[in-house]
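Subject: Structure handover and notes

Hello,

My notes come after it.

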Amino acid sequence: MDNLNKISKYLIDNKLKLSTTESCTGGLLSSKFTDISGSSAYIGLNLVTYSNYAKMKLLNVDKKVLDTVGAVSEECAFQMAKGLHELTDSDICISTTGIAGPTGGSIDKPVGLMYSAIYTKNKFQIYKVIKNPNIERIQMKEEFTKEVLKNLVEFLGIK
């Protein structure tokens, strides 16, 4: 069973609600979850918060964080997931923020860099991944999404 189906089964079996807020994955993670029949049992609220304005307005991401360390940062990923939890009270909240390319990026924040966070009432984890900067943008979003699903399986302890 692939990670998506494992997660879906786990959420349904445990009667848990999941919400996502995505920047660099642009709704692809949400789309993957809603591709599964029965996902309405566990989807809380899924947002695409691509702009800094959306991050601040909907998720209460601190403008100082965006101005100092930027949207592509551990701090922003954490605040996005935490803000989503405050907005939805979902059991599990996931955020993604990164640089899908092919343009953009810098020495410190190259194309292929993604931060994601998984946030629950009792714990959270922030993840950093760097993918090959030479892959196509659509493939980059796929790679980022696969990484988040893998991390969620590990976070939840799903076998």
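Predicted model: local features only at pLDDT ≥ 70, side-chain atom pairs only at ≥ 80, totals over all residues.

Residues are numbered from 1 along each chain as its sequence is written, and side-chain values use heavy atoms, with hydrogens and water left out.

Helices (H or I, at least four residues) and strands (E, at least two) are DSSP runs, numbered from the N terminus. Helix α1 spans residues 3-13, and Leu4, Ile7, Ser8 and Leu11 are buried in it; buried means under 20% relative accessible area, exposed over 50%, and partly exposed in between, with a 1.4 Å probe and protein chains only. Seen down the axis of α1, these buried residues fall within an arc of 100°, so they line one face of the helix. The arc is that of the directions from the helix axis to the C-beta atoms. An α-helix has 3.6 residues a turn, so residues three or four places apart point the same way.

The cover over the buried residues of α1 includes β1 (18-22), α2 (28-34), β3 (92-98) and α6 (137-156). Contact here means heavy atoms within 4.5 Å.

The axes of α1 and α6 come within 9 Å and cross at roughly 40°. That makes α1 oblique to α6. Axes are lines fitted to C-alpha atoms, for helices over the stretch in contact, and angles run from 0 to 180 degrees between N-to-C directions. Angles under 35 degrees count as roughly parallel, over 145 as roughly antiparallel, 65 to 115 as roughly perpendicular and the rest as oblique. The crossing of α1 past α6 is left-handed, that is, the near helix is turned anticlockwise from the far one by less than a right angle (clockwise would be right-handed).

On the α1 side the residues in contact are Asn3, Leu4, Ile7 and Tyr10, and on the α6 side they are Leu149, Lys150, Leu152, Val153 and Leu156. By class, this contact of α1 with α6 has seven nonpolar, one polar and one charged residues. Ala, Val, Leu, Ile, Met, Phe, Trp, Tyr, Cys and Pro count as nonpolar, Asp, Glu, Lys and Arg as charged, and the others, Gly among them, as polar. Just after α1, lysine 15 has a positive phi of about 50°.

Helix α3 and its partner α5

In α3 (residues 52-59), the residues Ala54, Lys55 and Leu59 are buried. They cover an arc of only 100° around the axis, which puts them on the same side of α3. The face turned away from that buried side carries the exposed residues Tyr53 and Lys57. Cover for the buried residues of α3 includes β1, β2 (43-48), α4, α5 and β3.

The axes of α3 and α5 come within 9 Å and cross at roughly 40°. That makes α3 oblique to α5, and α3 passes α5 in a left-handed crossing. Lys55, Leu58 and Leu59 of α3 make the contact with Cys76, Gln79, Met80, Gly83, Leu84 and Leu87 of α5. By class, the contact has six nonpolar, two polar and one charged residues.

Methionine 80, in helix α5, is buried, with a relative accessible area of 0%. Leaving aside its neighbours within four places in sequence, methionine 80 is in contact with Thr21, Ser23, Thr49, Lys55, Leu59, Val61, Ser95, Thr96 and Thr97.

Loops

Two residues sit in the loop between α4 and α5: valine 69 and serine 73. Valine 69 counts as partly exposed at 29% relative accessibility, whereas serine 73 counts as buried at 4%. Beyond neighbours within four places in sequence, valine 69 is in contact with Glu75 and Lys109, and serine 73 with Val65, Thr97 and Tyr115.

Asparagine 60 follows α3 and has a positive phi near 60°; at 55% relative accessibility, asparagine 60 counts as exposed. Aspartate 89, in the loop between α5 and β3, has a positive phi of about 55° although it is not a glycine.

Finally, a cis peptide bond joins glycine 101 and proline 102, with omega about 5°. Proline 102 lies in the loop between β3 and β4 (113-119).

Regards
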